[in-house]
Amino acid sequence: MDGQIKAAVIYYSATGITYQMAQAAVEAAGEAGAEVRLRKVRELAPDEAIRSNSGWQAHRLETQDVMEAQPDDLSWADVVIMGAPTRYGMIAAQLKQFIDTTGPLWAQGALANKVYTGFTSTATLHGGQEATLLSLYTVFYHWGGIVVTPGYTDPSQFVAGNPYGASHTSNNGENPPDHVALGATALTAKRAVQMGMALKKGMAG
């Protein structure tokens, strides 16, 4: 459809937890009316490290057909939804490495005036979930982006509890995202697309 809002879901996942959240974001963004791209960022870990973890190796094979993110995916999108697990209260290095390739687009102003949001997961309760999302949003502020969060705009958020974005505690990968985490991810993606549509309509008007 001409003029359709475009959303890019860009994620990193080692064992599949944030991948499942990314899929929920893709589905919700599509239901909200967006044309959606799902992209994974390039893996940086050595093969021997991946092979040493059966879950990591299995997930790598499971998602081998998912296209890798390129800077063009950011320039294409009106809405960008990024997700990665937490590493010491910050996003995983794989997503950060992709972000660090965006300098030319940033210098051109090509990343400004888009809608951005995020999701994350941790191995343990709390574990830096809010800090990770806030550190990711610092990047979006530098880009001149418009950050949209779920806040407490839906009763489900009083159960999910994180107003900054979707998050999940995996218990070291043992617990896949439940309906609460997936619902929070869907709400986050839906709000981002809705705000992107409103912004695009306002600019067109």
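Modeller: Leaving out residues up to four places away in sequence, Met82 touches Ile10, Leu74, Leu95, Phe98, Ile99, Thr117, Gly118, Phe119, Leu136, Phe140 and Trp143; a touch, or contact, means heavy atoms within 4.5 Å. This is a predicted model, in which local features need pLDDT of at least 70 and side-chain atom pairs count only at pLDDT 80 or more, while totals for chains, interfaces and linings use all residues. Residues are numbered from 1 along each chain as its sequence is written, and side-chain values use heavy atoms, with hydrogens and water left out.

Met82 belongs to the largest nonpolar core, which has 29 residues. Such a core is a set of buried Ala, Val, Leu, Ile, Met, Phe, Trp, Tyr and Cys residues joined through side-chain atoms within 4.5 Å. Buried means under 20% relative accessible area, exposed over 50%, and partly exposed in between, with a 1.4 Å probe and protein chains only. Ile10, Leu74, Met82, Leu95 and Trp143 touch the most other members of this core. At least two of its residues come from each of β1 (6-11), α4 (71-76), β3 (79-87), α5 (93-99) and α7; the greatest contribution, 6 residues, is that of α7. Helices (H or I, at least four residues) and strands (E, at least two) are DSSP runs, numbered from the N terminus. Another core, of 23 residues, lies apart from this one and includes Val9, Ala22, Ala34 and Val115.

Helix α7 spans residues 129-143 and holds both Phe140 and Trp143, which are 3 residues apart, about one turn of the helix. Both Phe140 and Trp143 are buried. The structure has 6 aromatic pairs. In the pair of Phe140 and Trp143, the ring centres are 5.7 Å apart and the planes meet at 40°, so this pair is tilted. Rings of Phe, Tyr and Trp (its six-membered ring) pair if their centres lie within 6.5 Å; planes under 30 degrees apart count as stacked, over 60 as edge-to-face and the rest as tilted. Together with Tyr116 and Tyr137, Phe140 and Trp143 form one aromatic cluster.

Leu111 sits in the loop between α6 (103-107) and β5, and it counts as buried because its relative accessibility is 1%. Its C-alpha atom is separated by 8.5 Å from that of Phe140, 29 residues apart along the chain.
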